Amino acid sequence: MKKNVIVTGGAGFIGANIVSALMDKDYNIHIFDNLSTGNKNNLELEKITLHKIDLKDDYRKWPKIEASSFYHFAANADVRGGENNHDIDLNENLLVTKNCCDYAVENRIKNFVFASSATVYGEPNVFPTNEDCIFNQTSFYGASKLSCEAFIQAYSNYGYFKSTIFRFVSWIGKGYSHGVIYDFVDKLLKDSNSLEILGDGNQVKSYLDVRDGITGVLDISEFHKQQSCVFNLGHDEIMNVNKLADIVCDEMNLEQVEYKYTGGKRGWIGDSPQVHLDTNKAKEYGWSPKIRIEDGMRWRQCSKLAECCV
């Protein structure tokens, strides 16, 4: 008999890729998503069950499903938005996560997997940054993700479920629907002669292809035996924003694009000028990134991605 699994945010970029990989493992997949940012076109609807749910609503009214695992990937993903809206990360991230934990407890789900973020490190002074390096928070988004982690760990240590928390760098690849590459393509569609780059373009980031990321999430969460554990998932490589802009322009066959900078070493308040995670802990489980950052960016050509930005 097939086991049930639940994926929140399963119609989004990472969630839909998780769903696709779980389908290959022959589960009955239930998606909880309000479709505010997710897209049903990302899903093979005939092979899954989609429940349109606002996760801020009372969890006791959600469908009762006996599931083996709960993959919580729903969130407000706009790091910048918290500067102007002080409630969105609290409501969409922390309170929703508590709802999900209570749902898992009530329905006796014993495996809880959570998508956290490298933003929980704020602006660290250790690179690559390992899981023990927590510094001052620089965004409400990062603060909310760290708070979610704390709640999940507490539920785990009460003995309700085993939990695996993954701190991600930015993901790229199939279904990519927001972020710096998407923003660059959108801007270049409107003006192919110039490109606004937030900050000074020297921000150094690490990016992870979604295929590598999904492999890490599924394999590590299945095989580690601790009651609650945190893992970084990122890339050994790094790339600055100027180089990324060069790749986008090249993929769109644009030459002599003038880069216009907003200035400063941060793209916005809460942006970290450098993101590079230490993934040695994940590598102890046999995982490592296989796809080079540039290959991942060129895997789905920006000229095709541009069609999604119109």
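This is a predicted model: local features need pLDDT of at least 70, side-chain atom pairs count only at pLDDT 80 or more; totals for chains, interfaces and linings use all residues.
Student: How are strands of a sheet held together, and what strand order does the open sheet have here?

Tutor: Strands of a sheet pair through backbone hydrogen bonds, either parallel or antiparallel. Here, an open sheet of 7 strands runs β3-β2-β1-β4-β5-β6-β11, with parallel pairing. Its edge strands are β3 (49–52) and β11 (228–233), each pairing on one side only. On average, neighbouring strands are turned by 20° against each other, direction ignored.

Student: Over how many bridges do β2 and β3 pair?

Tutor: Strand β2 (residues 28–33) pairs with β3 over 4 bridges, in the parallel sense. Look at His-30: it stands opposite Thr-49 in β3.

Student: Which strands does helix α1 touch?

Tutor: Helix α1 (residues 13–24) packs on the sheet and touches β1 (4–8), β2, β4 (69–72) and β6 (162–168). Its direction makes about 165° with that of β1. Now find helix α3 (residues 140–157), which lies across β5 (111–117), β6 and β11. Helix α3 runs at about 160° to β5.

Student: How many salt bridges does the structure hold?

Tutor: It holds 21. One of them joins Arg-266 and Glu-123, at 2.6 Å from N to O. This pair links distant parts of the chain, 143 residues apart. Arg-266 is in the loop between β13 (258–261) and α7 (280–283), and Glu-123 is in the loop between β5 and α3.

Student: Is Arg-266 buried, exposed or partly exposed?

Tutor: Buried means under 20% relative accessible area, and exposed means over 50%. Arg-266 has 33%, so it is partly exposed. Glu-123, at 29%, is partly exposed.

Terms used. Residues are numbered from 1 along each chain as its sequence is written. Side-chain values use heavy atoms; hydrogens and water are left out. Two strands pair if DSSP finds at least two bridges between them. Helices (H or I, at least four residues) and strands (E, at least two) are DSSP runs, numbered from the N terminus. Axes are lines fitted to C-alpha atoms, for helices over the stretch in contact, and angles run from 0 to 180 degrees between N-to-C directions. Contact means heavy atoms within 4.5 Å. A salt bridge is a side-chain nitrogen of Lys or Arg within 4 Å of a carboxyl oxygen of Asp or Glu. Buried means under 20% relative accessible area, exposed over 50%, partly exposed in between (1.4 Å probe, protein chains only).
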